[in-house]
Amino acid sequence: MSLTGTPFFVTAIALTALAVVLPLAVWSKVRGPVVVRTAVRALMVVFAQVTAIAVVFVAVNRAEHFYASWGDLLGTGTYVTAAPDLGPDGLGGKKVAEAPKVLQKFEQVEGLGGRVRKTELDGKISGVKGDVMVWLPPQYDDPAFKDRKFPVVELIPGIPGTGKSWFQGLKAHEVLEPLMKSGKVQPFILVSPRAMLLGNADTGCANIPGKVNADSWFSVDVRKMVVDNFRASEDARTWGVAGYSAGAYCAAKLAIAHPDRYSAAVSLSGYNDPGQEPSSLVAKDPELRRTHNLKAVLQAAPQPPAVALWMSGAEQDGYLSGMDLKGLAKAPTTVHAEKVVGGHNLESWSKQLPQTFGWLSQQVKAP
């Protein structure tokens, strides 16, 4: 039974109703010694509490899509088929331009309308196999744009979170579509890949030989799939990346580390130190934690990367991290730090989409 499916939700509601009715029906009818009667009644109370919590969790998860499956929830899901050492460029000696085209079949996503599609991508370079969601802007199917390629923004969710979180939780497509139609925001292709690749662990969008090649999944395999299947360019100036929470850290890191693949990044309530995410795989190793701190990544670049960063959040929830990077950045790197009012939640991040994507429209160029 699917974790996000209607049958499981209905079952949870039915059990909650039963948990309320059962004590009313049999409380005074419980027989046996005092210890037995007390234990039975206590179990009924606990059952009622557990089912109440469960139905709230299921309802929230269906609405926000933090966990897509039982494997995600229990931490048993793994989407890594291989994790070889791919070297500093994350390519393992391969040339993306020479690789065969990756042609995918897409299906509609239940509850999100026809413009959001999903595919299962087998990343040939990263060794990651997972789902990727794609939303095409309204202009994509317009005959007037039939010969035009579109800029792309890759969307990375937090932990927990799935590709669907950006569409069902933040409602990115609902917020941005009217702005694209009015010309206030560029008509971007929105792409949201799976980020939870090893159970509930946060990969930090890093390549960790023997464990996971998350960086190459996002910045190589997913990019190639989009270029091979849609009217998009591989040029870095036509690609941006955005994320919230742990995904915000990833978005900024991918842009800083790969100015040849991305030209801009939006970080919503992000951080510089991967150790701020308790489940971070990178943070478990002191040296990896040090070298994957965004300040260290920026300083270690052979030359200042030609990327633009937007880092927003409350003072201790993204803004000060942005100010730290801004103090280190040298041209052509630019950092905009924006202090916002709002909590560490989907509603706050959704409200920032018009402003941040308006900014992305100035940074990411149409092919």
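This is a predicted model: local features need pLDDT of at least 70, side-chain atom pairs count only at pLDDT 80 or more; totals for chains, interfaces and linings use all residues.
**Stop 1: helix α5.** Start by selecting residues 172-182, which make up α5. Now colour A172, H173, L176, L179 and M180: these residues are buried. Turn the view until you look down the axis of α5; the buried residues fall within an arc of 140°, so they line one face of the helix.

What covers them? Show β2 (116-122), β3 (129-135), α4 (163-169), β5 (189-193) and α12 (353-363), which are among the elements covering the buried residues of α5.

**Stop 2: either side of α5.** Step along to G183, which follows α5 and has a positive phi, near 90°. Then go back to K171, in the loop between α4 and α5. K171 also has a positive phi, about 55°, although it is not a glycine. Is K171 buried or partly exposed? With 37% relative accessibility, K171 counts as partly exposed.

**Stop 3: S269.** Jump to the loop between β9 (264-268) and α8 (286-291), where you'll find S269. Here is another residue other than glycine with a positive phi, this one near 60°. S269 is buried, since its relative accessible area is 3% and the cut-off for buried is under 20%.

**Stop 4: two cis peptide bonds.** Select I159 and P160 and look at the bond joining them: that peptide bond is cis, with omega near 0°. P160 sits in the loop between β4 (152-156) and α4.

For the other one, pick A331 and P332, whose peptide bond is cis with omega near 10°. To place P332, look in the loop between α10 (315-328) and β11 (334-339).

Definitions and conventions. Residues are numbered from 1 along each chain as its sequence is written. Side-chain values use heavy atoms; hydrogens and water are left out. Buried means under 20% relative accessible area, exposed over 50%, partly exposed in between (1.4 Å probe, protein chains only). Helices (H or I, at least four residues) and strands (E, at least two) are DSSP runs, numbered from the N terminus. The arc is that of the directions from the helix axis to the C-beta atoms. Contact means heavy atoms within 4.5 Å.
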